[in-house]
Amino acid sequence: MRRLSLVVIFIATIALTLSAQYQDRSKVTWIEPNSGAVLPEFDAFDSNEGTLGVVNASGPVKTEGHAFFTALGTNGRACVNCHQPTYGMSVSATALLERWKQTDGKDPVFAAFDGSNCPGLPQDKESSHSLLLKRGLFRIPLQWPPKNADGSPKPVEFSIEVVRDPAGCNTSPQFGLKSADPTISVYRRPRPAANLKYVVSGGRPIVLKTGMLADVDPETKSPVAMNLMSDAREATLQTQALSAIMGHEQAKVSPSRKQIEQIVEYESQVYAAQAAHIFGGPLAVPGGPAALGPVALRDHKAGVLGDNDYDPVFGSFNSWKGTDYYRASVARGADIFMFRQFWLRDTAHINSIGLGNPLKRTCATCHNAQMTGQDLSAGWVDVGTTNYPTWTEPATWADSSELPVFKITCSRDADPHPYLGRVIYTTDPGRALISGRCVDVGSIVMQQLRGLSARAPYFANGSAKTLREVVDFYDRRFDMKLTDGEKEDLINFLGVL
Amino acid sequence: MRYCFSFFIVAVVALGQQRNFVSCPIVRDTKTVPCFLAEYEGETYYLGIQQDITSEFHPPQLKHEVLVEGRVAAGPRVCGGIPLQPVTVSVLKEVNLACNTLLPAEPGIEAPPAPRGPGPSSRRAEPSRSRETFTGAHEFTVLYSFNDDYLEYAANQIVTEAAAYAKRIGASSVKVSGYGATTLLSNGDRLVEKAGLAEKRAQNMATLLRGLGVAGVTVSWKNEPEPGDGQTDASRRRVAILVTP
């Protein structure tokens, strides 16, 4: 009874505090293209465990005629369809299912091209969109083999074979690997289009993980961070925006330079993070952890390494130690994230880059960038979510998984995958589909850890429905031997980011 | 007493003796960072400890055999192994699932002091080194692991330095020369690097230098791997970058 009273008090406090700083827009859950809405400087939305805060650093945003909020292609979609402020500038699977029900599947987010399991399927059936509705996964069709900027095919180190194809797209004569335009379809979550100054910072001429030149900005020729998207295939926000309009929005005509710049300008000033928690109350308060809330993201410097004990990834949570049950749990979770040692094993592009296998370290070794927990160096890593046997699909053959399975066979001349060798079964080859390299099979660019409560499911393949499932995966994968209490602490910590 | 015994053992395996061998690495946990060891002819050798990406010693990897090229050093055993110093370890590329020995920490077995522990770093970032002060023609040498063309962090710094120097002096020529090598093992066998590696190392290096804005880069390589002498083989797996004003 006492705890219930505390919860009620917390919720009341949240409402009062947020009303002063944020406008109450909890009723708005979905922004449609061309809606004409004006987005305030400080915005707040109900999230799974409290309130997500969104800050437009440049002030209120008029969406009317704005390229991010306007359908620029042929399928009625705009950027906002898949990057909704309500959902941390991504979109949750729950929201997509609600949207399906509200619109009877007619919302442009369900466009046949990539909002269904395959364009050839009957589009009026819910089952044809199951990967999107259950896991929040969009189809990403990638040409195979990959091409250089001049259109020539890139050299590739492996052959690829489709061994399971529940959606039918990879074996489709029209859309598949053996079609006239050979294509691999993988299925991935849309990444948050917020907090991007952190995502694009830190470009260095030579990529630590490959010892090769980093991609460069086609306009400035400066090296880029290569942390955009699951596979780092786009160098800049500009090229990503163009590619998304021509692909996801199926535009027939290229957008203008002004439109691209407007999109990038908007994306570069929007910050999203958990602002309040149903048990934790308002998160960004004086004397509390300094990294919480979207304003902190707006104000903090990007590109700072946080894998240290004097200026950690998400700052100090010591002020919450010894306070109420929930905040104390979050503080313990922060300590687990920074300090709990375990054996990091068999992780390509971590153990294989000179650090040794195994490596006795902590979560912050890889999730080392301040404020977001990405990797400051180009961050594609094979943590094992997509490659057999550690993949997040059922351990043995089961019909319950709807993802395709590919068999990768590496050539004898190539360096094999460092821990899986020359024959790899995978649901998503990740970076390898872009680089053509065997060592990259299953490597996915690390994601930022902000606004998580608003945008389940997790991992690039949407396989973790909850933060508990994320923590369970890591506990299993690295034999962390977390207790139930430690798992709860870690989940609570992730939930306030 | 234990250390006295250790000195005796080192004397038996001949102080200063070069040990070149291939075996599975062994990881020994300690209260701090893990030690990396390898066994050869019934003896255990200490290779190094877990460090940071910026360190010169890059530990071996379980699931892979390791080529060890090191000299028996003076001093007591470390983590139960005879220390090799200097030592070069090369992770062999093919997966070997038999290489999977991870030993728990035991009382009395301690790792040497580590610049960085197993948790987050406690060291503040050091101020960046002053600009290179080379004059005249200068040759930069980048070393590689056996059968590898991956540019490790330290090598990465050398390339950056070479590029900066070439650009600063407006180099009239930058000659990149790639080499492969043979390692003469202690058992008399020879390990030869794969064909074409010298070219790949050289071409990759030239691409890097050009990408870093260096003009006038020319490339050559030696098709025949350098012969192994069992003493200096690790230093022959290299690319030389000769920068001439």
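User: Let's start with strand β2 of chain B, residues 25–28. Are its faces covered or open, and which residues sit on each side?

Analyst: The general idea is that side chains in a regular strand alternate between the two faces of the sheet. Here we have a predicted model, where local features need pLDDT of at least 70, side-chain atom pairs count only at pLDDT 80 or more, and totals for chains, interfaces and linings use all residues. In β2(B), Pro25(B) and Val27(B) lie on one side, with Ile26(B) and Arg28(B) on the other, and all of them are buried. Buried means under 20% relative accessible area, with a 1.4 Å probe and protein chains only. A strand is a DSSP run of E with at least two residues, a helix is a run of H or I with at least four, and both are numbered from the N terminus.

User: Which strands does β2(B) pair with?

Analyst: Pairing takes at least two DSSP bridges between two strands. β3 (residues 35–40) of chain B runs antiparallel to β2(B), with four bridges joining them. One of the partners there is Cys35(B), bridged to Arg28(B).

User: Over to chain A. Which residues of helix α12 are buried, and what do they pack against?

Analyst: In α12(A), residues 467–477, the buried ones are Leu467(A), Val470(A), Val471(A), Asp472(A), Phe473(A), Asp475(A) and Arg477(A). They pack against α13 (484–495) of chain A. After α12(A) comes Asp479(A), with a positive phi near 50 degrees.

User: How many residues meet where the two chains touch?

Analyst: Contact means heavy atoms within 4.5 Å. By that rule, 46 residues of chain B touch 40 residues of chain A. For bookkeeping, residues are numbered from 1 along each chain as its sequence is written, chains are lettered from A and ligands numbered from 1 in the order written, and side-chain values use heavy atoms, leaving out hydrogens and water.

User: And how many salt bridges cross that interface?

Analyst: A salt bridge puts a side-chain nitrogen of Lys or Arg within 4 Å of a carboxyl oxygen of Asp or Glu. The rule finds seven between chain B and chain A. Glu94(B) and Arg422(A) form a salt bridge through their side chains, at 2.3 Å from N to O. On chain B's side, the elements giving two or more residues are α2 (153–169) and α3 (197–211). α2(B) supplies the largest share, four residues.

Methods: Buried means under 20% relative accessible area, exposed over 50%, partly exposed in between (1.4 Å probe, protein chains only).
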